[in-house]
Amino acid sequence: MLKSIILCFAVFLIAQPLKSIASGDTVSGWGQYDENNVFAKILRKEIPATVVFESEHVLAFEDIQPIKPVHILVIPKGNYRSILDFSEKATDAEISALIRALGTIAKKMNIAQSGFSIMNNSGHNGGQTVPHLHFHLLGGEKVAWEQSLRHKQRDTDN
Ligand code: 5GP
């Protein structure tokens with residue numbers, strides 16, 4: 001009986017984030033911090049994650065649905081919804097720790113030499129789906145999004 005209850009709870013915990021990913025719902029990058037977002041749960045260790053780096057102010061873990069061979073999410077440990085409140089309210093120590101961590105993790109993941117892309121989505125038009133600031137560190141093969149943007153720009157210029 002106890003085993004079944006634990007199993008149901010585990011399935012529920014895993015299904016929740018998968019459900020939100022599948023729906024692709026975007027969130028506002030502005031407003032009150034939601035303590036129940038998936039990354040807050042990962043920080044509280046209520047949801048498992050494959051952690052690749054941790055420091056006083058930063059946590060980095062593998063994306064659950066990687067779009068590149070290396071796809072790491074780098075987040076501040078503080079409660080920041082997006083780059084808007086992070087840039088406004090974070091301490092200098094938190095900001096420098098996050099920027100320094102990006103370089104450290106790129107080296108640790110062996111993508112420093114081959115190159116990589118760092119992406120941040122903010123709010124609905126940015127395509128943000130989790131309301132806790134995160135940077136996507138993408139590498140291991142060519143990241144083409146920037147190229148597509150330039151093609152789009154050229155098309156609209158003509
Ligand atoms: P966004 O669309 O907000 O820029 O990126 C959110 C990212 O979080 C997505 O790439 C998605 O795959 C990832 N993600 C969502 N839920 C979880 C989760 O529970 N665990 C992990 N490791 N990644 C998640």
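**Ligand shell and salt bridges of the predicted model**

The shell around the ligand is made up of 9 nonpolar, 7 polar and 2 charged residues. In this division Ala, Val, Leu, Ile, Met, Phe, Trp, Tyr, Cys and Pro count as nonpolar, Asp, Glu, Lys and Arg as charged, and the others, Gly among them, as polar. The structure is a predicted model, in which local features need pLDDT of at least 70 and side-chain atom pairs count only at pLDDT 80 or more, while totals for chains, interfaces and linings use all residues. Residues are numbered from 1 along each chain as its sequence is written, and side-chain values use heavy atoms, with hydrogens and water left out.

The protein chain contains 6 helices and 5 strands, taken as DSSP runs (helices H or I, at least four residues; strands E, at least two) and numbered from the N terminus. Their order from the N terminus on is α-α-β-β-β-α-α-β-α-β-α. Of the 158 residues of the chain, 34% count as buried, where buried means under 20% relative accessible area, exposed over 50%, and partly exposed in between (1.4 Å probe, protein chains only). Contacts, defined by heavy atoms within 4.5 Å, were examined by separation in sequence. Among those in the protein chain with a separation of 6 or more, 60% come from residues 24 or more positions apart.

Around the ligand there are 18 residues, of which Asp63, Asn121, Thr129, His134 and His136 come nearest; a residue is near if one of its heavy atoms lies within 4 Å. Polar contacts are pairs of N or O atoms within 3.5 Å; within protein, one must be able to donate a hydrogen and the other to accept it, and residues adjacent in sequence count only if both atoms are side-chain atoms. A backbone N or O atom of Thr129 is 2.6 Å from an oxygen atom of the ligand, and a polar backbone atom of Gly127 is 3.2 Å from an oxygen atom of the ligand. A polar backbone atom of Glu62 lies 2.9 Å from a nitrogen atom of the ligand. The protein covers 92% of the 520 Å² of accessible area that the ligand has on its own, as given by the Shrake-Rupley method with a 1.4 Å probe; for residues, only the protein chains shown count as cover. Two or more residues of the shell come from each of α1 (2-23), α2 (38-43) and β2 (58-62), and α2 gives the most, with 3 residues.

His71 is placed in strand β3 (residues 70-76) and is buried, at 5% relative accessibility. The side chains of His71 and His136 are joined by a polar contact of 2.8 Å, and the side chain of His71 also reaches the backbone nitrogen of Ile67 at 3.1 Å.

The whole structure holds 4 salt bridges, each a side-chain nitrogen of Lys or Arg within 4 Å of a carboxyl oxygen of Asp or Glu. Lys68 and Glu141 form one of them, with the closest N and O atoms 2.9 Å apart. Lys68 lies in the loop between β2 and β3 and Glu141 in the loop between β5 (135-139) and α6 (145-157), so the pair ties together parts that are 73 residues apart in sequence. Lys68 is buried, with a relative accessible area of 18%, whereas Glu141 is partly exposed at 43%. Salt bridges that share partners join Glu35, Arg44 and Glu46 into one network.
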